[in-house]
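The questions below ask how labels attached to a model follow from computed values. Each answer sets a value against its cut-off.

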Amino acid sequence: MPTITTRHFLKTSSVLLAGLVLSACGKQEPATPAAGATAAPPVAAAARVYVVGTDAAYAPFESQNEKGEIVGFDIDVVKAAAQKAGIEVKFLNTPWEGIFNSVAQGDRDLLVSAITITPERQQTLDFSTPYFDAQQLIAVKSDSKIAKFDDLKKLKVGVQNGTTGDEVITKLQGKDSVNVKRFESTPLALKEMESGGVDAVVADNGVVVHYVNNNPDSKFKTLADSSFASEQYGIAVKKGNAELLEKINKGLAGIREDGTYTKIYTQYFGATPAATGATPAPAVAASK
């Protein structure tokens, strides 16, 4: 059996001691903050961005510019109301046919798309306070003999599918009428009239007046009729979403009080809204 010499023992002890020292040096002790140092604050959660669905084919309320950006009266109103309410929003182009389902399914938080508040829609959606007063308007060619709504009873009439214009014409002609021609947008219906496919178009006055004024070569005129009931546009949210609805209503009230709404309205319609609401630009008798 080997004998451990004093020298060997001391050498072995030195190696073990060195290892212990190195182990102690390599251990990471918890950092102790310096006296008076302040701990970094926790990172705040990102603010929620509410998704707004809009059918961007309804100028001047909502459309896409040459850059593909969604612009229009409705867009500016919601942006201003959201800022006043302290919330963030972003807009997504949403086809009209599925726009109501998009909020019901949670794909959209808000809808703004010149949506008329109706009892039927209020069964499945909640609406903000009205932000725009509207009415149906008839567009015909400038040489047309049509003079009133009842004259459309047996004629081919273009409407945007699922709108209040669709509803009033269907009621006039009957739900089985083959003369009601439905389109994805009001401009498409007006283009069809220009080519002779329909005799008239019925749609919201703000859209019709805007199109007629901006397409003088179409040679259209517009007709108002006392039988058309007045309508109001509202911003829609999912049924029961009282918290978001309260924020939107607060924002709308704020932009009316500080004059922002009037400024936006005048920019698009060239007139000051009536004190009781926002009356659109008057119908024009004929295009130039």
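**Burial, rings and a helix pair**

Q: Why is Tyr-265 called buried?
A: Tyr-265 has a relative accessible area of 0%; buried means under 20%, exposed over 50% and partly exposed in between, with a 1.4 Å probe and protein chains only. Tyr-265 is therefore buried. The model is predicted, with local features needing pLDDT of at least 70 and side-chain atom pairs pLDDT 80 or more, while totals for chains, interfaces and linings use all residues. Residues are numbered from 1 along each chain as its sequence is written, and side-chain values use heavy atoms, leaving out hydrogens and water.

Q: What makes the pair of Phe-132 and Tyr-265 tilted?
A: The ring centres of Phe-132 and Tyr-265 are 6.1 Å apart and the planes stand at 35°. Rings of Phe, Tyr and Trp (its six-membered ring) pair if their centres lie within 6.5 Å; planes under 30 degrees apart count as stacked, over 60 as edge-to-face and the rest as tilted. The pair is therefore tilted. Phe-132 lies in strand β7 (residues 132-134) and Tyr-265 in helix α9, so the pair ties together parts 133 residues apart in sequence. Helices (H or I, at least four residues) and strands (E, at least two) are DSSP runs, numbered from the N terminus.

Q: Why does Phe-132 count as buried?
A: Its relative accessibility is 1%, so Phe-132 falls in the buried class.

Q: What makes the pair of Phe-73 and Tyr-261 edge-to-face?
A: The angle between the planes is 75°, with 6.0 Å from centre to centre, and the pair is classed as edge-to-face. Phe-73 belongs to helix α2 and Tyr-261 to helix α9 (residues 260-269), so this pair ties together parts 188 residues apart in sequence. Phe-73, at 0% relative accessibility, counts as buried, and so does Tyr-261, at 2%.

Q: How do you know that the charged end of Arg-256 sits over the ring of Tyr-261?
A: The charged end of Arg-256 is 4.2 Å from the ring centre of Tyr-261. The criterion is NZ of Lys or CZ of Arg within 6 Å of the ring centre and within 35 degrees of the ring normal.

Q: Why are α2 and α8 called roughly perpendicular?
A: Helix α2 (residues 73-85) and helix α8 (residues 242-257) pack at about 105°, with axes 7 Å apart. Axes are lines fitted to C-alpha atoms, for helices over the stretch in contact, and angles run from 0 to 180 degrees between N-to-C directions. Angles under 35 degrees count as roughly parallel, over 145 as roughly antiparallel, 65 to 115 as roughly perpendicular and the rest as oblique. The two helices are therefore roughly perpendicular.
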